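Dear colleague,

My notes on what was found in it follow below.

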Amino acid sequence: MFLAWKEIKYSKTRFALIIGVMVLVSYLVYFLTGLAYGLAQDNRTSVDKWDADAIVLTDESNTNINMSMITLGQAEEVSGDETALLGQTAGVVRKEGETGESSKINVTFFGIDPDEFIMPDVIEGKPFSNKDEVVADISLKEEDGIEIGDNIQLAGSDKTVTVTGFTENAKFNVAPVLYTTIDSYQEIRFEAIDDSENGRISAVIVRDNSEDLTGVEIGDDGLIPYAINDYIFKIPGYSAQVLTFGLMIGFLVVIAAVVIGIFIYVLTLQKSSLFGVMKAQGISSGYIAKSVIAQTFILSTVGVGIGLLLTLGTSLVLPAAVPYQNNSLFLIAITALLILVAVSGALFSVRTVVKIDPLEAIG
């Protein structure tokens, strides 16, 4: 460690270049990880808020809640420890009185019974109590200027709903969720309210403590229960985003290892005569190898640390519209992985150090 640190202090410019490369690579990896995690969460936060174990959809829907239509009669046959009705539909809304493309907002409506467990916690305002009232995700206030008491009009329709409160972390397929009554959902989607057993909803959400959904019973062969985690992975676009960003981040980590490995290898070759002199003086190959590894550890730790600080600073100034979220576990794992792969890349230089012949290096 002494030799490694002394050399870094002596050749500041050379090693600053290596640190700079590590900073840029680590910053890019951290930032892409935050974007990937933020996008993934924007697909699923409203589902996570249910704190449920299963979702019951129609077999023909192919796990797509947009295509699932269950009658109220069928929903009554679903049993578990707790069940809740859910109607889901996508829509486009604008604040009443506003016009133009920029005022349109893509949203998802969740029709629910406010007395059932999937009713979200309201952090501002009050829960909806009547038809045509909604509780909205807080992003509508932060990004679009929607306030409590505002009337929101559905695009292509005269129907309006009134915002009574806001909840947090309620997005589905990257769109903010508006929670309303089942009657309002039916009116928005089917343009008619049907309280009979033929009235339609999208899904039944189930809480059940039994394993493998054995406690979830359905009385119609056209309905299938799915574990929540399985359903989340099949949300349209979710798995593709996770896999794409995962591969990108993985390749960036490998690239970081190769770049740092090449830099250290080149430096080792440049110092082969110096190492030869050290060997002639009786300094062992093991000591020199440990110095090379320690040097790489110092450089990678400093570079990754600066990259992490830049990422945390950037996250504080990003606009609310950017789907960026940091996850402490991901940050810790990536930090350890970047340092580990950088040190692993330096092992190629160790092999070179061992092969150095003192006489040839001096000559």
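Apart from residues up to four places away in sequence, Thr-181 touches Gly-111, Ile-112, Phe-128, Asn-130 and Lys-131. Thr-181 belongs to strand 10. Please keep in mind throughout that this is a predicted model. Is Thr-181 buried or exposed? Its relative accessible area is 13%, and buried means under 20%, so Thr-181 is buried.

The buried residues of helix 5 (residues 182–190) are Ile-182, Ser-184, Tyr-185, Gln-186 and Ile-188. After helix 5 comes Glu-191, and the phi of Glu-191 is positive, near 60°.

Asn-173 has a phi near 55°, which is a positive value in a residue other than glycine. Val-174, also a residue other than glycine, has a positive phi near 70°. Asn-173 lies in the loop between strand 9 (171–172) and strand 10, and Val-174 lies in the loop between strand 9 and strand 10 as well. With a relative accessible area of 28%, Asn-173 is partly exposed; Val-174, at 36% relative accessibility, counts as partly exposed too.

I turn next to the nonpolar cores. The largest nonpolar core has 31 residues, and those that touch the most other members are Ile-18, Val-29, Ile-264 and Leu-338. Helix 2 (12–48), helix 7 (238–270), helix 9 (285–317) and helix 10 (328–355) each supply at least two residues of this core. Which helix gives the most to this core? Helix 2 does, with eleven residues.

Leu-338 shows what such a residue meets. Leaving aside neighbours within four places in sequence, Leu-338 is in contact with Met-22, Ser-26, Tyr-30, Val-253, Ala-256 and Val-304. There is also a second, separate core of 28 residues, and among its members are Ala-40, Ala-52, Phe-110 and Ala-170.

Helix 2 also contains Thr-33. Thr-33 has a relative accessibility of 8% and therefore counts as buried. Apart from residues up to four places away in sequence, Thr-33 touches Ile-249, Phe-330 and Ile-334.

My last topic is a pair of helices. Two packed helices are described by the angle between their axes and the distance between the axes. The axes of helix 7 and helix 9 come within 11 Å and cross at roughly 135°. Because of this angle, helix 7 is oblique to helix 9. The crossing of the two helices is right-handed.

Which residues make the contact? From helix 7 they are Ile-260, Ile-264 and Thr-268, and from helix 9 they are Val-292, Thr-296 and Leu-299. By class, the contact of helix 7 with helix 9 has four nonpolar residues, two polar residues and no charged residues. You have already met Ile-264, as one of the residues that touch the most other members of the largest nonpolar core.

Yours sincerely,
A colleague

Conventions
Residues numbered from 1 in each chain as written. Predicted model: local features only at pLDDT ≥ 70, side-chain atom pairs only at ≥ 80, totals over all residues. Heavy atoms only, no water. Core = buried A, V, L, I, M, F, W, Y, C linked by side-chain atoms within 4.5 Å. Buried < 20%, exposed > 50% of the residue type's maximum accessible area, 1.4 Å probe, protein only. Helix = DSSP H or I, 4+ residues; strand = E, 2+ residues; numbered from the N terminus. Contact = heavy atoms within 4.5 Å. Axes fitted to C-alpha atoms, helices over the stretch in contact; angles between N-to-C directions. Parallel < 35°, antiparallel > 145°, perpendicular 65-115°, else oblique. Left-handed = near helix turned anticlockwise from the far one by under 90°. Nonpolar A, V, L, I, M, F, W, Y, C, P; charged D, E, K, R; others polar.
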